[in-house]
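The overall form comes before the individual residues.

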Amino acid sequence: MRYSERLRKLFEGITLTVEDLFLLEAFQIKYLPERVPKNEFAILLNAHPSVKRFLISKYPLIQDFIQTILKEVKLSENKDNVNENCMEVLWEIAEMIVYNKYPEIYDARTDFNWSLDEIIDSKELSDKTVIDVGAGTGQLSFLLASFAKTVFAVEPVTNSRKFIREKAIQQNVNNLFTMDGFLDAIPLPDNSIDILFTSNAMGWNIKGELEEIERILKPGGKAIHLFRNIESETGNLFHNMLTSKEWNYTYFEFQESNTVKVKYSKITGSNHY
């Protein structure tokens, strides 16, 4: 099953439009070359030049990719064919679009699927200042907030941060705070965090992310990274890096019916060179 078909089922009932592409953040545009079907994307850009201008202005480094596919692809002038190709592009990246446009729907239809016991002993969170980086709609953040002293949810998408803040008010969660940022650029001082968490939010700039984690964690602090699975070639490279002597993460695997959940954990200062 194509990824776009899976997302059509997951987000059934949602209407996507080409204008939704204007919601993309620069860091999301950066990964479009790896995500979009090239032929269909070229047809969309040719039919909607304002989208092309927006993407390049938001993330200039995508210009070479756009120019290349526009030269290589035979463009269609048939209106029905153009619309069909546009929809294929939109549904292939629907997870990004829904994440940005409808965080409440994204939150309701995507499962976190981790219990706290699988992640960490709740006693370790007591009186601790923790951070969830790449927090998304805050599924992990809210779980942690029930046990930690303070939780910072770092998330680069504005609508997701707004969703977390509003949900925290509705649920009377007073120890959860949002901030803009990335895993390789966390707006907090050195040695300020007891425990750092990520969930499917690592690997955009792996070396910079690992260095930033070491910077903000207190001596003896802990880093925990959760993933649905990392079975791809990229995942293997990522696994090898985290478990290397340089970074010294411990690997844990949790088998579920149709997938594998993966956790990496380390204490700062443990054989880091």
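## Terms and source

A residue is called buried when its relative accessible area is under 20%, exposed when it is over 50%, and partly exposed in between, with a 1.4 Å probe and protein chains only. By this scale Ile-193 counts as buried, because its relative accessibility is 0%.

The model is predicted: local features need pLDDT of at least 70, side-chain atom pairs count only at pLDDT 80 or more, and totals for chains, interfaces and linings use all residues. Residues are numbered from 1 along each chain as its sequence is written, and side-chain values use heavy atoms, with hydrogens and water left out.

## Overall form

The protein chain has 14 helices and seven strands. Both are DSSP runs numbered from the N terminus, a helix (H or I) having at least four residues and a strand (E) at least two. The radius of gyration is 20 Å, close to the 19 Å of the globule rule for 273 residues, so the protein chain is as compact as a globular protein of that length. This radius is taken over C-alpha atoms, and the rule is 2.2 Å times the number of residues to the power 0.38. The C-alpha trace spans about 60 × 45 × 40 Å along its principal axes.

Of the 273 residues, 51% count as buried. Contact means heavy atoms within 4.5 Å. Among the contacts with a separation of 6 or more, 73% are between residues 24 or more positions apart.

## Surface and charge

The accessible surface of the protein chain is about 13,900 Å², and carbon and sulfur atoms hold 48% of it. Areas come from the Shrake-Rupley method with a 1.4 Å probe; for residues, only the protein chains shown count as cover.

There are 31 positive and 39 negative charges, and their mean positions are 2 Å apart. Lys and Arg count as positive, Asp and Glu as negative, while His and the chain ends are not counted. Each charge is placed at NZ of Lys, CZ of Arg, CG of Asp or CD of Glu.

## Two domains

The protein chain is divided into domain 1 (3–101) and domain 2 (111–268). These bounds come from an automatic or database domain assignment. The C-alpha centres of the two domains lie 29 Å apart. Eight residues from domain 1 and nine residues from domain 2 take part in the contact.

Ile-193 lies in strand E4 (residues 193–199). Pro-219 is 26 residues from Ile-193 along the chain, and their C-alpha atoms are separated by 9.4 Å.

Leu-143 belongs to helix H11 (residues 139–145) and counts as partly exposed because its relative accessibility is 24%. Apart from neighbours within four places in sequence, Leu-143 is in contact with Phe-112, Trp-114, Leu-116 and Ile-119. Leu-143 and Pro-103 are 40 residues apart in sequence, with 18 Å between their C-alpha atoms.

## Two asparagines with positive phi

Asn-113 is not a glycine, yet its phi is positive, near 60°. Asn-113 sits in the loop between helix H9 (103–109) and helix H10 (116–119). Its relative accessibility is 45%, so Asn-113 counts as partly exposed.

Asn-200 also has a positive phi, about 55°, without being a glycine. The loop that holds Asn-200 runs between E4 and helix H13 (206–216). Asn-200 is partly exposed, because its relative accessible area is 36%.
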